[in-house]
Amino acid sequence: MRAQELDLIRLSTYRTACKLRFVQKKCNLHLVDIWNVIEAFRENGLNTMDLNAELSVARLEMVLSTIFYQLNKRMPTTHQINVDQSISLLLNFLLAAYDPEGQGKISVLVVKMALATICGGKILDKLRYIFSQISDSAGIMVYSQFDQFLKEVLKLPMAVFEGPSFGYTEQAARACFAQQKKVSLNTFLDMLMSDPPPQCLVWLPLMHRLANVENVFHPVECSYCHTESMMGFRYRCQQCHNYQLCQDCFWRGHASGSHSNQHQMKEYTSWKSPAKKLSHALSKSLSCASSREPLHPMFLEMPEKPLMCHVVTPISIFLLSSLLESSNHQDEEHSLIARYAARLAADAARVPTDLPCSLDANKQQRQLIAELESKNREILQEIQRLRLQHEEASQPPPDRGQQNPTLLAELRLLRQRKDELEQRMSTLQESRRELMVQLEQLMMLLKTQGPGSPRSSPSHTISRPIPTPIHSDSAGTTPTHTPQDSLMGVGGDVQEAFAQGPRRNLRNDLLIAADSITNTMSSLVKELNSELMKHRQEPDKTCMVSSSFPTLQ
């Protein structure tokens, strides 16, 4: 806190609010609202305990552990907090504020008031919970409980060394509600949320305003530090023309030029363009009625009674919850439920005079509810029927081949035969490619030796032997092939060498090998074509065979 230099803030109200906001963020309480705190109280049994009962440090640590472990469950994995550090910081702060003697005990009222004050969330919800703890069963504030609340809550400014400005005095409670006899929830909210609020609690709404404007951007230059833009509060002098200060300069009392700290400053929590200001001023001047909204919504003084007392309605459940919260905290929940059940039975025994009218109204309401429920069921059935139709339409039609196991078996055999033939064709093509390479090498050797050089055997010049040609039955059926026709796919060197007159024996051997390869390839193609023609004769299998095999050219 010393590193933040918060003690340099000139006004005690802003200084106290900034310090408590710093403690709140350091302990990660700004991520916890009043509803999370109430749930932690319920899980640890504080709702059934007397407000004057004392808690040990271990029990208080369990309450804080519940709050922060539940917070980590709600936070994403990338924004997890250090639970042990948060528990340690908050526990030490509460003990320093409420147990300076080191007795190791804190009352339930202190824990509830302190955590409800410095946790995050809306100030309206927090004040409503505080009022439920200091009021009686009729919804009227108890002055002694309010005095105790002030005494405990004003120890928070004292813990951050702001006791001289916001310490507790006996006249504080009477200064808040001096002329009020019965203080209800609406009166309590009007007083604490008014502008300005009570002097002893003026830092409480300011702390919530600080949290709301932390990320507000103002595209205005500060007249003292000349920062091009500012975040948070913005202050404008009511005497100097267009003199505006950021919150740091205003809080520390900086001034320049003809401006003085004694001038009246107006605080802004948002930025509006000149066009918006003009439109707002025109709409405000032209409006007939006042557009000022109340500071808070108005709440009922007493909950409404249900139409039929012997039927447990949602309103009855609300009455039960309010009775559990506002009744004597020494009673157990089971005794309160038994008392409420006895009250419902007694109310059901007394038949009111306007019961027929209420019964007729209830009968009409039940009929209307029954009609709406029947329409709702019909709509749900129609939605289910349309969903099933959509699912059936979106599913692809079943394949005819999948319904006939015989066709599937034949299809698998054809695919297997196709794979075998393709493998055989690739083997023959590889043999032909190797033979062509050897022919090229042999022709180059013949050219380099020349006509006068001694003739060497091909077996001494070629490292790999010439593969034996594969003979087939159809080899003798093509006698019209000539040597020149067999050399169509051979390089120019090979054809030039074979065109010469000498070396007839070597030339004949090579031509025989090339003819054998060509005949073998033609027999393979004929065999593939015969397989296809045989399966095309079956009409039911034509579509599946054509989709499985590519057409051979």
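# Close-up views of the predicted model

**View 1. R21 and E214 meet side chain to side chain in a salt bridge, 3.0 Å from N to O.** R21 sits in helix 1, while E214 sits in the loop between helix 12 (203–212) and strand 3 (217–218), so the pair ties together parts that are 193 residues apart in sequence. A salt bridge here is a side-chain nitrogen of Lys or Arg within 4 Å of a carboxyl oxygen of Asp or Glu. Helices (H or I, at least four residues) and strands (E, at least two) are DSSP runs, numbered from the N terminus. R21 counts as buried, at 10% relative accessibility. E214 counts as partly exposed, at 30%. Buried means under 20% relative accessible area, exposed means over 50%, and partly exposed lies in between (1.4 Å probe, protein chains only).

This is a predicted model, in which local features need pLDDT of at least 70 and side-chain atom pairs count only at pLDDT 80 or more, whereas totals for chains, interfaces and linings use all residues. Residues are numbered from 1 along each chain as its sequence is written, and side-chain values use heavy atoms, with hydrogens and water left out.

**View 2. K19 forms a salt bridge with E162, with the closest N and O atoms 3.0 Å apart.** K19 belongs to helix 1 (residues 12–26) and E162 to the loop between helix 8 (155–159) and helix 9 (163–166), so this contact ties together parts that are 143 residues apart in sequence. Are the two partners buried or exposed? K19 is buried, at 2% relative accessibility. E162 is also buried, with a relative accessible area of 4%. The count for the model is 13 salt bridges.

**View 3. K418 and E422 pair within helix 19 (residues 405–449).** Their positions are four residues apart, about one turn of the helix. The two residues form a salt bridge, with the closest N and O atoms 2.7 Å apart. K418 is buried, with a relative accessible area of 19%. E422 is partly exposed, with a relative accessible area of 39%. Elsewhere, salt bridges that share partners join D7, R15, K19 and E162 into one network.

**View 4. Three strands form an open sheet in the order 6-5-7, with antiparallel pairing.** Strand 6 (244–246) and strand 7 (265–268) are the edge strands, and each pairs on one side only. From one strand to the next, the twist averages 25°. Such angles run from 0 to 180 degrees between N-to-C directions, with axes taken as lines fitted to C-alpha atoms (for helices, over the stretch in contact). Strands of a sheet pair through backbone hydrogen bonds, either parallel or antiparallel. Two strands pair if DSSP finds at least two bridges between them. Strand 5 (residues 234–237) and strand 6 pair in the antiparallel sense over three bridges. Which residue of strand 6 stands opposite Y235? The residue is L245.

**View 5. The model has zero disulfides.** C200 is in no disulfide, and its nearest cysteine sulfur, that of C176, is 4.2 Å away. C200 counts as buried, at 13% relative accessibility. C249 is likewise in no disulfide, and its nearest cysteine sulfur, that of C246, is 3.4 Å away. C249 is buried, with a relative accessible area of 5%. The cut-off for a disulfide is a pair of cysteine sulfur atoms within 2.5 Å.

**View 6. I379, L380 and I383 form a nonpolar patch on the surface.** Together they have about 270 Å² of accessible area. I383 lies in helix 17 (residues 355–394). I383 is partly exposed, with a relative accessible area of 39%. Patches are made of residues with over 30% relative accessible area and no salt bridge; like charges are joined within 9 Å, and nonpolar side chains (Val, Leu, Ile, Met, Phe, Trp, Tyr) within 5 Å. Accessible areas come from the Shrake-Rupley method with a 1.4 Å probe, and for residues only the protein chains shown count as cover.

**View 7. A cis peptide bond joins D195 and P196.** Omega is about 5°. P196 lies in the loop between helix 11 (185–192) and helix 12.

**View 8. F161 has a positive phi of about 65°, although it is not a glycine.** F161 lies in the loop between helix 8 and helix 9. F161 counts as exposed, at 69% relative accessibility.

**View 9. H226, a residue other than glycine, has a positive phi near 60°.** H226 lies in the loop between strand 3 and strand 4 (230–231). H226 is exposed, with a relative accessible area of 51%.
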